[in-house]
Amino acid sequence: MKMWAGRFRQPLDPEFERWQRSFEFDKRLLSYEIAASSAHAGALRAAGILNSEELITILQGLNQIGEQAASRESLEDDEAEDVHHFVEKQLVALIGETGYKLHSGRSRNEQIATDLRLYVRVAVDQLRADAAELCAALVERAEQAGTAAMPAYTHLQRAEPVLVAHWLLAYVEMFLRDAGRLADCRERTNLCPLGSGAVAGATLPLDRRSMAEELDFAGPTANSIDATSDRDFVLEFVTAASLLALHLSRWAEEMILFSTQEFGFVHLPEAYSPAAAPCLKRRIRTCSNSHAAKRHA
Amino acid sequence: MPQKKNPDLLELTRGKAARVIGDATALMVATKGLPLAYNKDLQETQEPLFDAAESLISLLPLVTGWIRAVELNYERMQQAAKSGFMNAFAAATYLVKRGVPSRLAHQLVGKAVQLCLEKNCELQDLKLEQLRELGPVFDQDFYSCLQLDSVLAFHDVPGGTAPARVRQAIADVRQRIDAIREKVHAHA
């Protein structure tokens, strides 16, 4: 079933319909969509909208969708508009019309807000874990360096000698701050929009606190208008990620400088440094370029 | 060019930073003009998020591997640390500790450096008589304060490069790293 069949007499222009879909990229939210849908189903049961049999059927169906997706290499669906539509379609295909009951009292606006918060939370934890290992590697190198010294630069001119370890620890400080910023972001992200409805709050008496608890959120969001339109947490995450990327970039730039013959402080590890492209390859590229030039002439 | 080894991982790291910063910019611009509440524009906030997260999640372990694998040329670094008048600041500090006002101390050392440039040598290569011509305050112990070890040891404040301070910093940082590991583990 199309998501909004009923209200309109004319079908959507097929090209537009295909163009406006988000399933191609939001399918990576599937596991969060399933978790959030399960929490919503529990609240529907508590509100008396589902009986316990229906709840069990829906939860089993959702579980199955997750398992099927995990066993497949890529998710393809010619009709799914977005991840929410995909889950609903799959659920109805698996358990029949009861599947439609899952959408009672909720909106895609709160669903996507919830899925994205769950995604950001996982991404924060992953990046923090990765940043910690990066710092640990730098600290190991710092310990190995012992009391070896190097020049510290200001204005890229030799300024004062410092310990190599001291220099490495400067980067550790940057990456630890990045990890800290990500943790701050997690704290503000960790609230649950479920029960916000499309904008004004759910029309069914859903227990927002227990839905939040089920998804390990610290609590429900405070305002339904804000919760359905707020993307601060996305911005905060990507801004914190930008700073992390910026620090990595400064580090990379310094390593590139230090690996030049002019400095010679760093020997590039071969496992990460391809040899320059052999001339043969370059010739081929030149060749095809001249073909292209002729075609355009 | 068969002699070349290119820093591809490093260059791509710089490139990925440009991309993630672009994602942040795209998000700001996408949301800055939206009236409340949900608008379909918000669909466009998903891909920059995924792109930024996934770019970094795939990059960080590679950088960690690179850091473990890289070979540092301590000899060359040490050599560079010993030349180019990098003990000039320590020399000025020596004078300050003997009561010379800081500004004058810097002038005196500046003159000594000038002399070295004429003679194409380093501060420690100047003879005591030559130094005393600049000012009587120089003494034999001036030379020991110019050695790399003492120059490093001079910076003996928390956060400074004196070896004992750096050892302490390594211990502190280890604790902070472990705290992150524990917290992330608790969330998993």
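In the hairpin of E1(A) and E2(A), two residues lie between the strands, and A:His155 takes a positive phi near 55°. The model is predicted: local features need pLDDT of at least 70, side-chain atom pairs count only at pLDDT 80 or more, and totals for chains, interfaces and linings use all residues. Residues are numbered from 1 along each chain as its sequence is written, chains are lettered from A and ligands numbered from 1 in the order in which they are written, and side-chain values use heavy atoms, with hydrogens and water left out.

Strand E1 (residues 149-154) and strand E2 (residues 157-163) of chain A pair in the antiparallel sense over six bridges. Pairing requires that DSSP finds at least two bridges between two strands. Helices (H or I, at least four residues) and strands (E, at least two) are DSSP runs, numbered from the N terminus.

The contact takes 94 residues from chain A and 80 residues from chain B. Contact means heavy atoms within 4.5 Å. A:Arg141, A:Pro161 and A:Tyr272 supply 9% of the area that chain A buries against chain B, more than any other three residues.

Polar contacts join 26 residue pairs between the chains, both residues at pLDDT 80 or more. Such a contact is a pair of N or O atoms within 3.5 Å; within protein, one must be able to donate a hydrogen and the other to accept it, and residues adjacent in sequence count only if both atoms are side-chain atoms. On the side of chain A that touches chain B, the largest share, 27 residues, comes from H6(A). The residues of that side divide into 59 nonpolar, 16 polar and 19 charged. Here Ala, Val, Leu, Ile, Met, Phe, Trp, Tyr, Cys and Pro count as nonpolar, Asp, Glu, Lys and Arg as charged, and the others, Gly among them, as polar. A strand pair also spans the chains: E3(A) and strand E1 (residues 71-72) of chain B are antiparallel over two bridges. In this pair, A:His267 stands opposite B:Glu71.

Six salt bridges link chain A and chain B. A salt bridge is a side-chain nitrogen of Lys or Arg within 4 Å of a carboxyl oxygen of Asp or Glu. One joins A:Glu133 to B:Arg181, with the closest N and O atoms 2.9 Å apart. B:Arg181 also meets B:Asp178 in a salt bridge (3.2 Å, N to O). Both of these chain B residues lie in helix H9 (residues 163-187), three residues apart, about one turn of the helix.

Over all chains, the whole structure holds 22 salt bridges. Among them is the pair of A:Asp125 and A:Arg186, at 2.8 Å from N to O. A:Asp125 lies in helix H6 (residues 108-145) and A:Arg186 in helix H7 (residues 164-189) of chain A, so the pair ties together parts that are 61 residues apart in sequence. A:Asp125 is buried at 13% relative accessibility, and A:Arg186 is buried at 11%. Buried means under 20% relative accessible area, exposed over 50%, and partly exposed in between (1.4 Å probe, protein chains only).

Notes
Buried area is the accessible area (1.4 Å probe) that two parts lose on being put together, summed over both.
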